[in-house]
Every structure is written in C-alpha cells, then in structure tokens.
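Hi everyone, thanks for coming. I'd like to walk you through a structure that may be new to you, so please have a look at it on the screen.

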Amino acid sequence: MDDVRVGVFICHCGTNIGGFLDVLRLVDYTQSLPNVACAKDNKYTCSDAGLTEIKNAIAEKKLDRVVVASCTPRTHEPLFRSTCKEAGLNPYLFQFVNIRDQCSWVHMQEREKATEKAKALIKMGVARAALLEPLEETEVEVTPCAMVIGGGITGMTCALSLAKRDFEVKLVEKEERLGGTLNSLYRLYPTQDEASKLIQAKAEDLQKNPKVEVLTSSEVKEVKGFVGNYDVTVKHGENDRLLKAGVIIVATGAEALKPTSMYSYNGENIISQMELEQRLEKGKLNANKVVMIQCVGSRNEERAYCSKVCCLTALKNAMLIKEADSNAQVFVLYRDIVAQGTQYEDYYGKARETGITFIKYSPERKPVVEKGSVRVYDELLNEELTIPYDLVVLSTPMISHHDSAILAQKLKVPVDKNGFFLEAHVKLRPVDFATDGIYVCGCAHWPADISESISQAYAAASRASIPLSVGHVKTEPLTPVVNEDECTGCSLCELTCSFQAIRVEETEKGRKAKVIAASCKGCGACGAGCPHKAITMQHFTDEQLLAQIISLGEVKP
Amino acid sequence: MTPQEGFSPDIIGFLCNWCSYAGADLAGVSRFQYPPNVRIIRVMCSARVDPAIVLEAFVRGLDGIMVLGCHLGDCHYLTGNYYTEKRVKTVKSVLESVGLSPERLLIDWVSASEGERFAALVKEFTETIRELGALGKEANCDIQQLKTRLAAAKETLTRDRIRWLVGRERELTEDKNVFGERVTQEEFDQLMFQTIEKEFEKRKILISIGDDALSIKEIARKMEASPGKVLRNIVSLEHDGLVSVVGIEGNSPKYRRVRG
Amino acid sequence: MEKPKAVLIVGGGIAGIQAALDLGDMGIKVHLVEKNPSIGGRMAQLDKTFPTNDCSICILSPKLADCFRHQNITLHTLSEVKEVKGQMRDFSIKLRKYARFVDEEKCVNCGDCSAKCPVKVPDEFDMKLRKREAIYPYYLQGVPAVMTIDREKCLYLTREVCKICEKFCAREAIDFEQKDTDVTLRVGAIIVATGFDPYDPSGISQYGYERYRNVIQSLEYERLICASGPTGGHLLRLSDNKPADRIAFIQCVGSRDFRNNRYCSSVCCMHATKEAMLAYEHDPKVKSHIFYMDLRAGGKGFQEYVSRGEQEYNISYIRGRVAKITEDHDENPIIWYEETQTSETKKMTVDLAVLATSFVPRKNVEELAGTLGVELDEHGFFKTDPLSPLDTTRLGIFTCGCCREPTDIPESVAQASGAAGRAAEAVMG
C-alpha cells in the first residue's frame with residue numbers, strides 16, 4: 001500500500017459546493033493525507049476540462065487511484081469511472097466522495113462545520129481508495145424476448161414497436177380481451193375518434209404479427225432473474241407457464257376513482273365520467289340539463305395530485321352532449337381548466353363556442369349537490385348560483401391500478417406515495433426503473449392521455465430494445481469471493497441469498513460455497529452473515545469499510 | 001438527562017445505495033438542512049453491514065451509528081433488509097451487555113423519495129446521541145473497562161455460534177421445520193440472549209487474561225465480576241481449549257490463554 | 001448499395017441528446033447536428049428543474065459527456081442541414097459545417113485568447129445579460145469544450161485587423177484558414193428536435209419589457225439565479241444591482257392570447273413556481289406573487305410542488321390577467337391587475353417582474369421544414385397526429401420535444417426515446 005498514488009479532485013460545482021464549503025482549505029488538507037499524490041480543485045470536475053485534467057493527472061502523476069469529491073455517485077460515478085478507464089486505469093480504482101448532496105447542500109448555514117465534515121469524508125474516501133482493487137465486469141447473454149405486461153393501448157403499441165424491430169414479444173393481459181381502459185371509453189379527444197376502432201386496429205395488427213404472442217386472461221405470478229434473464233411464471237386459469245424474457249415492460253395502466261359517497265353519487269342521475277362514457281356510447285343519455293363537477297376526489301388532502309386528463313375528458317363529453325342535442329344545457333364546474341399544449345387550448349376554445357357554461361369554484365366553497373339542483377359559488381361572478389340538473393357527472397381522477405402494489409413487489413420495483421410506479425429519475429429517466437431491464441410506460445407511471453401514452457410506449461420500447469439489440473449486458477463485479485480454506489460448507493449463505501447466486505457444492509476440498517456471478521446482484525448479505533467470515537465482498541470488503549471507519553476514528557479529537 | 005456541554009457527537013451512517021442513500025441525496029437536492037454530525041458510508045445493501053463492523057465503529061470511538069435501508073418489502077435485493085433487522089437487533093443486545101444504550105444504534109428505513117424524512121431522522125438521532133453524551137457515559141465504568149467490554153463484544157459478534165444463530169433466525173421463527181415445529185420468537189430471543197451473554201462473558205475473561213497467567217480471583221477483580229460466574233465460564237473456556245492451567249499459586253490455579 | 005443503418009438528429013438539446021444516446025446504445029450510428037458551438041440546448045441555460053429542484057446542468061452534464069465519447073455518435077456542432085434527398089431507409093443529407101476558426105483537437109478551453117480579445121458583445125447564452133468576447137466558450141460546461149470565433153464580430157474576420165488571439169494561443173489552436181465545408185451523409189431516418197425560442201415580449205408594449213429594466217423574462221431570470229450565470233447566482237436587479245425581495249411572476253405572456261399565440265405553453269406554471277422557490281431559497285425574505293389564469297400542474301408531483309411553494313416558500317398565487325406594468329421613481333415595476341375574487345382593479349409594487357414568455361418555434365423553422373419536406377402546424381410547430389405523436393408528415397422523419405409542442409423535460413426525454421424507437425423501427429425494420 002505504500003506505493004499507492006491517489007489523485008483527489010475536489011469540485012466547486014459552480015457555487016453549489018464552493019459557495020458553502022472552503023474548497024481551497026479542503027485541497028490543502030487533502031494534500032497532507034497519506035498516499036495522496038495530488039489534490040486539485042475544479043470549477044466543474046464533470047466538465048470536459050475537469051475530466052481532461054483527471055486523465056492528464058493519471059498519466060503525468062502516475063496515479064493508480066482516483067478520488068472525486070463532488071456530487072453523488074448515483075449520477076456521476078459512471079462518468080468518472082469511464083474517464084479513468086479511458087486513461088488506462090481500472091474503473092474500480094475510482095472512489096466517489098459526496099460533498100454536495102450530503103454536505104454543502106444540507107449545511108448551507110454552517111460553513112465551518114460543513115468544511116470539517118467534508119474533510120472527514122475526503123479522508124474516508126482516500127483511505128478506502130488506497131485499498132481498492134482492480135476488477136473486471138462479466139458479460140451475460142440477453143434472452144432475445146421482451147415481456148409486456150398489460151394489453152391496453154400502451155402495452156399494445158409497445159409490443160408492436162418491438163415486434164417491428166424483429167424482437168419476440170410476449171404480451172400478457174389479465175382480462176379476456178385486449179384494450180384496457182379504452183374498452184370503457186366511447187370517443188377520444190381531441191380527434192373524437194371511436195376508442196373501439198383504435199383498439200380493434202391495434203389488436204388486429206398484433207394478431208397478425210408472428211413475433212408477438214398474446215396471452216389474455218393471464219397474470220404474472222412470479223418473477224425471478226435479472227436483466228437479460230428473467231424467468232416469469234404466468235398463470236392462465238389453472239396452468240402455470242414459465243416464460244423467459246430479457247426485458248420486462250410494465251404497461252398496466254391505471255383506473256378511475258369511483259366517486260362512492262361523494263356529492264351524493266348514486267350511479268343513476270349522479271354518475272361518474274366513466275359511466276357517462278357508457279351512456280353516450282349506447283346513445284341513452286336522457287338528460288337535457290347536465291352539470292359536470294371537476295376535481296372530485298383529487299387536489300384535496302387525501303389525494304393531492306391533479307390527474308391531468310379529467311378536464312379534457314369533461315370537455316369532450318360535454319361537446320358530445322351538445323353535438324347530440326344543441327339545446328342541452330351543460331355546465332362544467334371547475335377549479336382550473338388543464339388544457340395544455342398547442343391543440344388542447346383550441347379544444348377548450350371550441351367547447352366554449354358550443355355554448356357550454358364554465359363556472360369556476362374554489363376548494364373552500366365546493367359545489368353542493370341537492371335534489372334537482374346544484375348550488376355553486378361562482379368565483380368569477382362572485383355570486384352563488386343554483387343550477388337545476390337532470391344529470392350530475394363527477395370527474396374523478398385516475399388512481400393507481402389496484403394490482404400495482406402486488407406487481408411492484410413481484411418485480412421488486414418501487415411505487416410512489418400515490419401508488420403509481422416510481423421511475424429511476426423523475427427528469428431524465430422517465431420510463432426506466434432503477435432495476436436494469438424493467439421499464440414502465442403509460443398510466444402505470446402517471447395519468448396520461450392517449451397521445452402521451454403512445455409516446456411513452458415507443459419510449460419504453462426504445463429503452464428495452466437496447467439490451468435486446470446488443471445481445472448481452474455487462475454485470476458489475478461486486479460479487480462475493482469464497483475463501484475455501486475458511487468455508488465449512490455450512491450453507492448459511494445459500495439460505496441467505498434471494499437470488500440462488502451462491503450454492504454449496506461438493507469439491508475436492510469437501511463441501512464449499514460456490515458463487516454464480518451472473519445471478520449475483522452484489523448486495524453482500526451472504527458475506528456479512530458468514531459464520532466463519534469466509535466470504536469477501538469485492539469492492540465492499542471488510543478492510544475497505546473498516547478503513548473508512550478507522551480514518552474517521554482518527555479524526556476524533 | 002441534560003446534554004453534555006459542547007458535545008458534538010460523531011456518527012456514522014451506513015446507507016444502502018438504492019433507497020436511503022438516494023433519500024439522503026434527495027434531502028440535499030431539496031435543501032433540507034440537518035446537523036453535520038453524520039458521516040455516510042455507502043453500501044449496496046444494508047445487509048452488507050456486518051455486526052462485527054458496527055461494533056468496530058464503537059471500538060473506534062464513534063458515538064452513534066445509523067443503519068438505513070429500503071423499507072421492508074422494498075429491498076432492491078428482495079430480502080436484504082430483513083437480515084439487517086435481525087443483525088442490528090443482535091448488536092443492540094450485545095451493546096446492552098456492554099452497558100451501552102442500545103439507542104446508540106439506529107435501524108430505520110428511508111425510501112428514495114423521503115428526503116425530508118431522512119433529514120428528520122438525522123436531526124432526531126443526533127439529538128438522541130447528544131443527550132446520551134460521549135460513548136460510554138452511561139456505562140458507569142472507566143475507559144479501560146469500556147475498551148475491554150467493547151473488544152469482547154466485537155469478538156462475540158465474530159463467533160460462528162452467534163453468527164449462525166442470527167442467520168437462521170428468520171428460518172427458525174418464521175418457517176416450520178421438517179417436523180412441522182416452529183420456534184416461537186420468545187423462545188428464540190431467550191436462546192439468543194443466553195448465547196450472547198455466555199459468549200460475551202467468556203470473551204471478557206479472555207481479554208482480561210490477555211497475555212498474563214491469572215487466578216479466578218484476579219480475573220474477577222479485573223472484570224468487576226463475581227468469582228463464581230468467572231469459574232463457570234472458565235470451565236467452559238477450558239473445555240473449548242481456549243484456556244489452560246499453567247500453574248498453581250497457593251490454592252488457586254492460574255489460567256493462561258491458548259493462542260491458536 | 002446497402003441501406004444506411006444510421007440516423008440523423010437535428011438539434012442537440014436534451015431531446016436530441018437522449019434520442020442520440022438511445023440509438024447509439026442500440027448500436028445504430030448517429031449524426032447529431034447542432035447549429036450552436038456546443039450541445040446542451042435550452043436545458044443547459046436553466047438553473048434548476050422542477051419538481052425536484054435538481055440542478056439542471058448537473059444532471060445534463062453526464063449526458064453531454066456520454067454523447068461526446070460515444071463510439072456510435074458523431075457530433076456536428078456549428079452545422080446545419082442544407083438538403084434532404086431520398087426517402088425513408090435511404091436519405092441523402094447535405095450538411096453545412098461552419099468554420100469554428102479554432103482547432104477542436106488543439107484547443108483546451110483555457111481562455112487565454114478571450115482574455116486578450118478586444119471585442120465585447122452581448123452573450124446570447126446568458127440572454128445578453130453580460131458581455132463576451134468574439135472568441136468565446138459557448139458556455140462553461142459546453143461540449144465540445146472548446147473556443148469558437150464569432151465570425152460576425154471578430155475584427156480580423158470582418159476587417160482583417162487584430163489576430164491577437166492567434167498570438168496568445170500557446171497551443172496554436174487558432175486557425176483563420178478554416179473554411180465552411182459541405183458533407184454528405186446517408187441515413188435511414190431523421191429525428192427533428194430543434195426545440196423552441198422564448199417569445200419576444202417587447203411586442204406586448206403594456207408590459208414594458210425593454211422599456212423597464214426591472215421587467216425581465218423567464219430565461220433571463222434563470223441565468224440571473226444560476227451560479228454560473230452573469231451575477232454568479234445573485235438575484236440582483238438590472239437597474240441598481242440591489243437584491244429583489246418582492247417578485248411578480250406574470251404568466252401566459254404571449255400564450256393563451258388571441259393576439260399572439262392561442263396555445264398554452266404547458267410548462268410556465270411550473271417553472272414560475274420553481275423560480276419563485278429558488279428566490280426564497282436564496283433569501284427567505286423574498287415574497288413572490290404568481291399571476292395566473294388557470295394553474296396547470298398535471299404532471300407527476302406537480303400539484304404537490306405548487307402546494308409546497310404556497311405553504312413553505314412564501315408564494316401567493318393570484319388569479320387574474322395583468323393589464324399593464326408601469327414603474328415608479330425607483331424603477332420598481334407596478335403591476336396593474338384585476339383581482340377576480342372582487343373584480344377590482346388593483347396595483348402592486350414589486351422589485352422585479354418576471355414575464356413567463358410563451359414557447360415559440362425556432363425562428364428559422366419554416367426554412368428547416370422546407371428542407372426536410374415536412375409540414376408545420378398553424379403555430380409553426382412540427383405537425384403530428386395524436387395517435388402517431390412522434391411521426392411528422394413525411395415517412396421516416398420523426399420529431400420530439402419542444403419543436404413539436406411546448407413540453408417539459410421528462411416528457412421531452414420520453415418523446416426522444418420514443419422517436420429513437422420509431423427511427424430504429426425505420427432503420428432496422
């Protein structure tokens with residue numbers, strides 16, 4: 001370890017770090033640490049200039065370990081690792097120190113203490129870096145098949161897109177027929193096309209396509225494996241079928257909240273927007289005075305979010321009512337009309353022109369549905385109105401599908417606090433999960449209209465096609481190594497591992513644990529529990545963790 | 001209890017990569033402010049946190065340790081955090097044997113979307129440790145005693161017997177064995193407690209003997225324990241082949257450690 | 001001849017970048033064309049992003065670097081598409097690559113040249129809030145990270161005098177001999193991701209933009225509050241460099257307005273909320289007022305974000321269109337508005353007024369549409385159909401992001417991946 005030469009690069013991140021920590025003092029301090037061959041600060045270490053500086057320093061200062069103290073490894077570790085790689089340094093000889101997200105940004109009023117904390121963090125990082133060892137990734141083949149869960153418009157579009165690329169697709173739908181939510185809709189905004197025609201066309205395309213196998217009345221029962229090698233058990237009636245897939249796409253949609261016990265809902269003359277769709281399709285409205293109430297069960301304390309599609313749905317149905325009977329009176333009681341983008345604003349304008357009356361109410365003074373009339377305080381006219389009705393239509397939000405939580409557990413992917421699937425990154429990875437090889441699109445992710453769902457379906461198909469196209473994925477070498485001299489073959493590791501990635505086998509030396517690297521996810525549960533401490537977790541060895549702790553102990557006064 | 005004057009605790013947080021570390025990042029991105037006492041060590045899963053490593057951190061003088069993982073059921077590695085829960089429970093039990101407050105070790109769950117919760121947890125835990133004071137304040141013993149006890153505790157947690165039990169807890173208490181029997185949680189906890197106590201006492205004796213040859217009385221004095229208890233354990237240690245009699249002074253045999 | 005397994009992407013903002021990375025990762029060759037000296041687009045100009053307040057450049061930077069180093073992606077900065085021939089699966093593209101007058105291989109972006117350059121002109125990236133030289137980096141974290149000479153402002157290139165930069169460049173990277181070149185590329189599909197321009201609010205004279213120094217537009221605000229912006233992240237008034245404690249955000253400037261753009265720009269409710277939050281984070285004394293028509297917060301976590309703004313960041317949301325803005329003797333903007341609750345005309349004096357200008361198509365969009373042979377919608381955005389939202393009117397040409405409709409970042413990224421998927425279908429199918 002005496003020969004180790006660590007280079008440390010400390011980022012100002014503009015003023016994100018530099019504004020709250022004394023970066024120059026950090027540089028001085030770092031230079032005094034053992035094994036540190038050079039310490040530098042950069043305005044932005046992640047900029048091209050910063051990366052070039054790292055590469056140059058690796059060559060010029062003969063660095064064999066690199067530490068970057070900047071933001072978070074969750075976003076920037078790949079970048080710095082590949083920079084090391086480009087300079088000929090094994091990427092696992094790189095160590096990240098988080099002095100922004102977990103230091104400068106959370107101690108903005110304590111410059112002195114935050115700087116001291118950053119010193120400790122850098123010291124820990126350097127101590128660990130000195131013990132890092134070069135590691136090599138392993139490559140795993142990808143099963144050239146995608147599984148799409150959910151046969152609504154999103155899932156169908158996604159499956160077709162992948163099939164056009166010549167990938168095999170298994171489309172799993174829980175119901176007897178394809179179509180999902182669109183099966184209960186009449187027409188679609190803003191084109192007023194019939195939902196059933198769209199579904200029919202897509203379903204026919206799917207049936208014709210030899211690359212797609214459609215499994216209706218089928219449910220995902222169990223999911224095992226990892227990117228490139230998922231084993232999915234699909235239940236169809238009494239039969240289980242094991243399917244192999246390289247990637248999985250979640251397109252399970254959402255459902256509309258049923259307005260039970262809201263605004264005297266009775267399913268007869270006070271109904272939901274979904275029920276209105278059915279009546280419109282059958283042409284049996286029998287109502288001349290219609291009052292629609294928006295934000296029923298949403299944007300409140302229980303359900304804070306805006307479900308985005310309900311305003312346009314109301315506009316569409318209101319226009320359909322007016323179209324069928326221009327004498328019909330339609331009132332839309334709203335809080336904010338959410339009609340974003342280039343087409344929907346015009347659509348809203350069109351609705352206004354047809355003579356639909358829009359009345360703004362505030363959440364403090366909600367409309368009151370009484371027998372025969374609705375009382376509402378008009379925020380713009382500043383007066384209370386009484387509107388007689390034949391029919392009240394309640395616009396409820398899309399809520400997460402009741403099966404989402406169960407599916408999420410099977411797939412081991414997270415859901416957000418509203419029960420919608422939680423993507424890997426809100427801004428830049430909208431259709432990926434943090435788990436490789438699993439993707440999400442459409443209303444399973446968040447309420448979306450047809451157009452948006454289709455875009456996302458193509459997006460998920462695109463993302464999922466990456467491992468399928470390349471044909472293999474690389475797995476990180478964060479795997480355990482068994483010291484056979486210490487291993488007694490007790491098989492506690494086998495019991496602990498959830499991935500069947502470590503198994504006790506008969507060897508020349510007797511019963512010993514063996515690691516199946518391709519299945520291993522690198523959690524380290526086996527190593528931390530081994531009774532004889534016979535397992536070393538690569539890249540997270542006891543020595544590396546202890547070095548961090550010990551260096552911290554030394555910082556103590 | 002009143003907080004120690006000017007005491008600023010040193011705390012380590014072991015955070016799993018997927019949920020709690022992401023939650024800590026989110027706290028940063030959202031600028032939720034919290035005390036600067038916690039130094040975070042990132043691990044892929046909270047299940048990587050070996051009980052012996054936690055003890056080592058106390059040996060090195062850290063005042064408090066947080067182990068944070070994904071919420072139960074959300075573990076990126078399916079079941080890792082269940083093991084963490086069992087392991088941390090064991091360490092807490094050992095801490096009690098040492099005479100330290102088990103509150104010095106926190107296990108909790110923070111998701112990737114709980115930045116605010118992370119900040120709140122850090123705030124709360126830092127305050128708890130501040131109130132407890134520097135490590136060992138509550139143990140009512142001198143620093144040398146504390147060091148002996150901590151070293152014994154650490155060795156206890158590297159014993160295969162204990163580690164084996166911890167690893168089997170879920171299986172033993174949750175699944176029925178081949179005979180359709182199941183160990184109740186109370187039975188298991190009782191068994192675990194006794195095993196830890198015994199191992200801990202034995203380790204303390206070994207450390208107290210060190211490189212000397214000591215009589216039961218001398219050991220008991222050093223450990224501030226009753227000679228009867230020491231006698232019981234030394235018989236067991238002799239049986240394990242870890243100590244042997246190297247001579248007799250007066251009527252008392254002198255024991256020395258057998259180094260493997 | 002074999003069909004080209006390559007895709008042309010026009011526009012190097014977040015949408016173009018994401019599409020390029022997806023295609024590149026699939027093993028498809030990509031030509032990423034950007035007319036500016038560096039890729040990054042509008043997202044690079046933003047300070048933070050809603051609803052997580054992630055630092056924009058922090059999350060964008062890794063993607064810029066990935067694009068730059070990707071073995072399947074060729075960057076063509078300072079370039080424009082001049083001609084498109086052929087059809088889906090076999091397009092022939094003529095690309096004009098403008099001279100940078102700096103050797104990209106030699107330049108290390110040290111800035112010795114610009115330190116000596118005698119020319120000072122307004123910097124477009126910083127919304128003209130500061131001056132730059134005629135040889136300059138497009139922006140600090142830009143990729144490729146090299147200098148560029150502004151041919152319209154450089155003394156040598158306009159009047160054949162100076163060349164002082166050449167003298168001071170230790171790496172001999174300055175090359176006045178560089179010529180514009182035309183290259184021909186063969187691709188199977190094209191993705192258009194040229195983004196948007198902010199609407200010029202000087203057309204709405206009652207708001208006094210350009211007349212009053214403390215009436216600014218959103219993108220200017222983003223640069224002002226950004227740590228790498230002209231004031232180092234200090235939110236100072238342009239009139240007197242004093243901090244702004246009372247801020248008015250005026251929504252729908254040039255949008256939802258029959259005299260200007262009828263459509264809604266989709267993201268302004270959210271970015272105004274974010275901007276108000278950032279001001280409060282910089283200084284908790286700040287009080288913000290957001291004047292809006294309908295609050296449109298339909299995205300994931302958006303409504304909660306707005307509520308948090310209201311409860312924790314000292315933001316008031318006031319419904320009503322602002323009639324006009326005047327100013328007092330201290331150049332404080334006065335907001336005249338009708339409060340809808342009382343129908344009264346009221347006025348409010350603030351330190352700074354920020355106009356949420358609508359997103360309009362890039363100014364040369366008709367020319368590009370003509371070159372590509374695709375239709376625009378009545379507003380000038382690339383025309384798509386709701387059921388094939390990423391396809392333009394010409395087979396094999398796809399579109400994503402703000403050039404098809406004002407769109408937030410997650411949706412732009414999703415569309416970009418989607419357009420990449422569509423392009424891959426065309427190229428590989």
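**Where chain C meets chain B**

Let's begin with charges: across the interface of chain C and chain B, the rule finds zero salt bridges. Please keep in mind that this is a predicted model. On the side of chain C that touches chain B, the residues divide into one nonpolar, two polar and four charged.

How many residues of chain C are in contact with chain B? Seven residues of chain C are in contact, and they meet four residues of chain B. The area buried between these two chains is about 440 Å², and carbon and sulfur atoms give 41% of that area. Of the area that chain C buries against chain B, C:Thr52, C:Glu281 and C:Arg308 supply 57%, more than any other three residues.

Now let's turn to chain B itself. Its secondary structure comes to nine helices and seven strands. The C-alpha trace of chain B spans about 70 × 55 × 30 Å along its principal axes. Chain B has 260 residues, and 56% of them count as buried. If we take the contacts in chain B with a separation of 6 or more, residues 24 or more positions apart account for 73% of them.

One helix of chain B deserves a visit, helix 5, which covers residues 143-158. At its start, a side-chain oxygen of B:Asp142 reaches to within 3.0 Å of the backbone nitrogen of B:Gln144.

Let's finish back in chain C, with C:Asp22, which sits in helix 1 (residues 14-26). Is C:Asp22 buried or exposed? C:Asp22 is buried, because its relative accessible area is 0%, and buried means under 20%. The side chain of C:Asp22 makes a polar contact with the side chain of A:Arg463, at 2.5 Å. Leaving out residues up to four places away in sequence, C:Asp22 touches A:Ser462, A:Arg463, A:Ile466, C:Ser417 and C:Ala420.

Notes
Residues are numbered from 1 along each chain as its sequence is written. Chains are lettered from A and ligands numbered from 1 in the order in which they are written. This is a predicted model: local features need pLDDT of at least 70, side-chain atom pairs count only at pLDDT 80 or more; totals for chains, interfaces and linings use all residues. Side-chain values use heavy atoms; hydrogens and water are left out. Helices (H or I, at least four residues) and strands (E, at least two) are DSSP runs, numbered from the N terminus. The expected span of a helix is 1.5 Å times one less than its number of residues. A polar contact is a pair of N or O atoms within 3.5 Å; within protein, one must be able to donate a hydrogen and the other to accept it, and residues adjacent in sequence count only if both atoms are side-chain atoms. Contact means heavy atoms within 4.5 Å. Buried area is the accessible area (1.4 Å probe) that two parts lose on being put together, summed over both. A salt bridge is a side-chain nitrogen of Lys or Arg within 4 Å of a carboxyl oxygen of Asp or Glu. Ala, Val, Leu, Ile, Met, Phe, Trp, Tyr, Cys and Pro count as nonpolar, Asp, Glu, Lys and Arg as charged, and the others, Gly among them, as polar. Buried means under 20% relative accessible area, exposed over 50%, partly exposed in between (1.4 Å probe, protein chains only).
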